Amino acid sequence: MAKANVSLGGRDILDLDSLSIEEYEMILQTAAEMKKIMKRDIKKVPSLRGKSIINLFYEPSTRTRTSFELAGKYLGADVVNITTASSSVVKGECLRDTILTVQSMACDAIVMRHPIEGAAAYAAEVADPVIINAGDGAHAHPSQGLLDMFTIREQGKDLKGLKMAILGDVLYSRVARTNIAAWTKMGADVHVAGPMTLLPHDIESLGVTVHKRVEDAIEGADVIDVLRIQLERQKKGLFPSPREYARIFGLNEKRLALAKPDVTVLHPGPMNRGLEISWEVGYCDNAAIRDEVQNGVAVRMALLFLTLTGGKQIENID
Amino acid sequence: MKTLIKNGRVIDPSQNIDAIMDLLVEDGVIKEVAAEIKAAADEVYDADGLIVAPGLVDVHTHLREPGLEAKEDIVTGTMAAAAGGVTTIACMPNTKPVIDNSIIVSGIKERAAREGYVNVEVIGAISKGEEGKELAEMIDMSEKGAMAFSDDGHFVNSPRLFTLAAKYIGAFDKVLISHAIEPELGHEGYMHEGAVSARIGVPGIPAIAEDIAVARDCLIAEYTGAHVHIAHVASKGAVDIIRGFKKKGVNVTCEVTVHHLTLTDEACATYSSATRVSPPLRSMDHVEALRAAVKDGTVDAIVTDHAPHAPEEKDVEFRYAPCGFTGLETSVGVVLTDLYHTNIFTINEIIGKMSTEPANIFALKAGSLKVGYPADVTIIDLNKEWTVDNTKFYTRGKVTPFQGKHCKGKAVATMVAGKFVMRDGEVCKR
């Protein structure tokens, strides 16, 4: 598909590697306008009236799916959710046919969450509608990366030169890969730490500094991104016990004190309290976790707006 | 019936020939190779400017018959071989049912003789059903013409069973072919573990999964004295291990595929299911080690591991795709383009590894233009330019990572037992 590069109109949003810094900028500035709409009494504008968006989710999701759904609805689009557990997928329909089927219903965008890396790229090759990757396996989750960037900037921080610490399960994390790609592109100094069994082999090739102790990554950090630990990783033997994980690798108040006083703590959610993040840290003033959720809607409004309209930045939307 | 192939550059590593010569074929066998042959013939083939080589021998292919004919069958698979310049192929036993008894071996050989376009050798299973539990009836299969034995597609996970197999069939001078990948280390992996997998998020398989398995099977070869042939070697660690055992005089041979010599894991970065294969495409340091191992003789054969799949099986998400892709119709073009015209291998090395040496490993009467040998001949135009177009393939498996590749060099005629089975890319009617 030949899609123009001058704007985001008609563009598939598959990962943050393939967007430029200028494009990040356009999305974040548009999101700021969108956030104003969210704060109105009547949070609805007709910008995407007559557009239809399909949320095609092959994995369970609460915040991402709801957030995309509300984003579309606030902009006046019709949004339909397909969860594959109750669709033809259980009858054995292949991804190509599912995509072509929803395309035939004249949808304008497909927001897709899928457990396999590259599924969004595959969908983009098959389909004409805009594909927005809402997470493909351990590869990418671009709207999460953008909302994290938005949240960091909202805290008055410019990414360039900042020390960013990513803690935990990088191996299976699309959020980690997305943020590493975006943050290194923005000139931040990215550090990762966690059990070596949960860090990809050759992770240094991504341009990050690896630490075996989380304390070294946290020391002087401006931003800490705590990744969710899935409990099945422990069942697969990748670390001995939740207890040891929390004790050695979890973010608690004592470790948080090693960071800059104004450190921003991010977590893509849902949190495992007492495992990768302590109760206290999750609710402390430095935690921007609920801001992330709110900003998620604004960023997704911006993505839908920019890809489904001319793709030009807006100053004031009415 | 006499055919005279005139003025070609005859390259026959089995006789150390590399010269402009004529080749006379009569009644299906090589009659004479000489500087100038003046005998009358039914057909004179002008090979001026072309390479005349012993027919290519590909000891690692999948014909998918019986049971998996949606992927390939003996007719389409042997047509693909003929089209690609390959005169003898050996087919792997991971069919449905598995080729694990003599009646299936006989059945394939008979059907191939009746309907096939090239010579077909059959590789029987080491274990019943390739389940890795009990030995299959390998001696019985040998007596019905099985060339070698393998549980290809699976590593024989039990060291005891592989040792027993080596003792049992080694006594009958048959070769065991090892699909040497330790399954547990990579059981959740879908591509080579390295910088690319770290970046694109696809779970990786560490190269040591291959190295460990290769080391084990080399040790078993040493212990039992049986001949073990390592299939599709793809890691630098594995070739180092094999080199060491060969130096000690252990009866180990190995093969490398065309794709492992020419592609890296960067090809997986688009998540194309055409790049999913086992062993996985590896990084450039591995590719360079494989090329060096071909040069120094550690690697004995270049194969395709032609593994066709039905389109609907490959047209899926990366992880869901079965491993493997088609290779018989692209091997000569890709090898000449990426390894000959780039001065990595000489044409003599290529013909040695794609014909003479694999024939020798399995004691096949092939891979040579000696007088009295079957007249299996591949005629190659080193400079013919063409583009890989899977819509023109004879194989049923259309998926290839080389689709659209611009190639220089192609087999332009294939002769099996004195008869042309392919001319100018077109398979001849039987």
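These questions and answers walk through parts of a predicted model.

Reader: Which residues does UniProt list for "binding site" in chain A?

Author: The listing comes from an unreviewed UniProt entry. Its residues are spread over 138 residues of sequence. They are spread in space too, with up to 31.9 Å between C-alpha atoms.

Reader: Is Lys91(A) buried or exposed?

Author: Lys91(A) sits in the loop between strand E2 (78-83) and helix H3 (95-104) of chain A. Count the other C-beta atoms within 10 Å of Lys91(A): there are 6. A count of 12 or fewer means exposed. So Lys91(A) is exposed.

Reader: Where is Arg228(A), and what is Arg228(A) in contact with, leaving aside its neighbours within four places in sequence?

Author: Arg228(A) lies in the loop between strand E8 (223-226) and helix H8 (231-235) of chain A. It is partly exposed, because 19 other C-beta atoms lie within 10 Å, and buried takes 20 or more. Leaving aside neighbours within four places in sequence, its contacts are Pro268(A), Pro270(A), Asn272(A) and Glu276(A).

Reader: What covers the buried residues of H4(A)?

Author: Helix H4 spans residues 119-126 of chain A, and six of its eight residues are buried. Those six are Ala119(A), Ala120(A), Ala121(A), Tyr122(A), Ala123(A) and Ala124(A). Their cover includes H3, strand E3 (109-114) and strand E4 (130-136) of chain A.

Reader: How are H7(B) and H9(B) placed relative to each other?

Author: Helix H7 (residues 236-247) and helix H9 (residues 284-295) of chain B pack with their axes 8 Å apart. The angle is about 25°. Angles under 35 degrees count as roughly parallel. H7(B) and H9(B) are therefore roughly parallel.

Reader: Which residues make that contact, and how many are nonpolar, polar and charged?

Author: H7(B) brings Lys236(B), Val239(B) and Arg243(B). H9(B) brings Asp285(B), His286(B), Ala289(B), Leu290(B) and Ala293(B). By class, the contact has four nonpolar, one polar and three charged residues.

Reader: Which strand gives the most to the side of domain 1 of chain B that touches domain 2 of chain B?

Author: Chain B is assigned domain 1 (2-52 + 375-427) and domain 2 (55-361). Their C-alpha centres lie 25 Å apart. The contact takes 34 residues from domain 1 of chain B and 43 residues from domain 2 of chain B. On the domain 1 side, strands E16 (377-387), E17 (406-416) and E18 (419-423) of chain B each give two or more residues, and the most, seven residues, come from E17(B).

Definitions and conventions: Residues numbered from 1 in each chain as written. Chains lettered and ligands numbered in written order. Predicted model: local features only at pLDDT ≥ 70, side-chain atom pairs only at ≥ 80, totals over all residues. UniProt positions renumbered as here; feature names shortened; annotations may be inferred. Contact = placed C-beta atoms within 7 Å. Axes fitted to C-alpha atoms, helices over the stretch in contact; angles between N-to-C directions. Parallel < 35°, antiparallel > 145°, perpendicular 65-115°, else oblique. Nonpolar A, V, L, I, M, F, W, Y, C, P; charged D, E, K, R; others polar. Domains from an automatic or database assignment.
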